[in-house]
Amino acid sequence: MNDSLYSAFSPVSSKQWKQKIQFDLKGADYNDTLIWKSNEGISVKPFYHADEFKELPEISNAKASEWHICQSIFVANAVKANLKAIDAIHRGAESIKFTIPNDSINIGELLNNIDSSSICLYFDLQFLSEDFIKELYRHQAEYGRQETSKQGLYVQTDIIGNLARSGNWFKSLKEDFKCFEAITANTNTFSIDVTLHQNAGANMVQQLAYAIAHANEYLNYLDNILSIGTKRSFKIVFNMSVGTNYFFEIGKLRALRKLWPALASEYGFNIDCHIVAVPTKRNKTLYDYNTNMLRTTTECMSAVLGGANTICNLPYDAIYHKDNEFGERIARNQLLILKHESYLNKVNNPADGSYYIESITHQLADKALHLFKDIETHGGFLKQLKDGIIQRKIKASATKEQQQINTGEETLLGTNKHPNPNDVMKHELELYPFVKINPRKTLIEPIIEKRLSENIEQERLKTE
């Protein structure tokens with residue numbers, strides 16, 4: 001029946017579709033009217049067709065049905081953080097990300113009654129300590145969870161990411177890499193912080209190229225140190241920030257899954273990459289803050305459809321309120337709705353077969369690979385950081401994006417379009433929501449995160 005139905009219609013080529021569209025435009029130029037160009041230099045067409053592909057795209061290996069809801073917790077007090085984690089797990093969190101500021105945190109108190117054999121744990125350490133890592137794994141082994149913890153425990157060590165963010169090594173280049181080597185020997189994992197680049201204004205091609213170039217620095221260092229078996233069992237975590245350019249963000253994560261195997265296979269490393277996604281801070285606003293919930297919802301959807309393994313949502317009030325139960329509950333519930341009511345955990349590769357997304361994925365990967373090769377030709381990611389080249393390119397991208405907001409070419413609803421003049425926020429600020437200036441001596445110029453709405457918000461606060 002299906003064959004006879006299809007045979008009743010003649011196939012229509014992309015050329016025929018374009019001719020029909022051109023006729024309906026009544027003299028208007030097709031390219032000027034219907035094709036727009038993204039900040040990544042990608043021309044987006046009004047339609048995509050199978051005959052534009054030399055061969056059909058391969059089926060992706062993403063496991064979108066297995067994504068985890070993550071609760072992010074800053075650990076100022078181990079006991080309170082532990083109780084908060086247990087409560088989040090009872091309320092639907094499937095993984096916990098602990099951000100730990102120093103090595104004085106008691107691991108036993110932090111992990112009390114948390115079964116890491118059934119829940120994935122991430123440890124984002126804002127310090128460098130081999131002893132702390134050993135104590136963490138000793139605690140896991142002591143409670144009989146050594147084997148399972150190796151599957152569900154990720155220590156996020158990124159010394160180059162710390163250099164890019166702070167402008168300084170933890171201690172020194174030599175000491176940091178020596179400690180990095182010792183830590184990875186215990187954990188069989190390291191992480192790449194790509195959120196910094198997105199929040200600072202890098203476009204998607206830059207984010208992907210810098211992520212791969214950043215990882216390549218570690219692979220170069222570990223290549224002659226690790227055995228072949230260890231390399232193949234290594235786990236690499238990419239912390240990605242996701243914006244509201246819905247289909248492009250899906251393509252960005254899918255492009256990363258194409259780029260990483262190409263690089264990792266050259267060194268004999270595990271070609272699987274573990275992606276932890278979080279909504280960007282860059283487009284979040286102080287005024288009309290409920291709009292942030294709409295933004296984070298579509299961003300989390302992009303993360304799911306793009307194939308992220310774990311998603312940590314950003315509370316709608318995160319930029320101006322301290323951690324609070326209401327904001328975190330709403331953020332977690334957004335993910336629960338996406339998973340259990342929108343059924344975004346039923347298909348492994350939902351974006352496959354969309355000619356538009358496949359085209360974006362391919363172009364992002366291709367442009368990022370070209371930029372990566374240019375970085376490597378000129379000394380690598382670390383050298384370009386020290387020379388300030390990475391910083392200058394991100395600033396150029398951020399300036400372009402900011403100009404688009406200032407002129408209204410790009411919209412931030414409630415900020416540069418349809419603002420509510422009666423909205424007041426001065427007395428709601430528990431956190432300082434703008435870039436903080438703290439002059440200090442650094443080895444390199446740090447990459448600074450900045451939200452797009454900051455200048456407008458500062459002017460509005462003055463007139464409240």
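Rings of Phe, Tyr and Trp (its six-membered ring) are taken to pair if their centres lie within 6.5 Å, with planes under 30 degrees apart counted as stacked, over 60 as edge-to-face and the rest as tilted. In this predicted model, local features need pLDDT of at least 70 and side-chain atom pairs count only at pLDDT 80 or more, while totals for chains, interfaces and linings use all residues. Residues are numbered from 1 along each chain as its sequence is written, and side-chain values use heavy atoms, with hydrogens and water left out.

The ring rule gives 22 aromatic pairs. In one of them, the rings of Phe98 and Phe123 have centres 5.8 Å apart and planes at 35°, so the pair is tilted. Phe98 lies in strand 4 (residues 95–100) and Phe123 in strand 5 (residues 120–125), 25 residues apart; strands (E, at least two residues) and helices (H or I, at least four) are DSSP runs, numbered from the N terminus. Phe98 is buried, at a relative accessible area of 0%, and Phe123 is buried at 1%; buried means under 20% relative accessible area, exposed over 50% and partly exposed in between (1.4 Å probe, protein chains only). Phe238 and Trp260 form an edge-to-face pair, 5.4 Å centre to centre with 70° between the planes. This pair links strand 8 to helix 13, and both residues are buried. Ring pairs also link Trp169, Phe177, Phe180, Phe190, Tyr218, Tyr221, Phe234 and Phe269 into a cluster.

Phe190 belongs to strand 7, where Phe190 and Ile192 point one way and Thr189, Ser191 and Asp193 the other, all of them buried.
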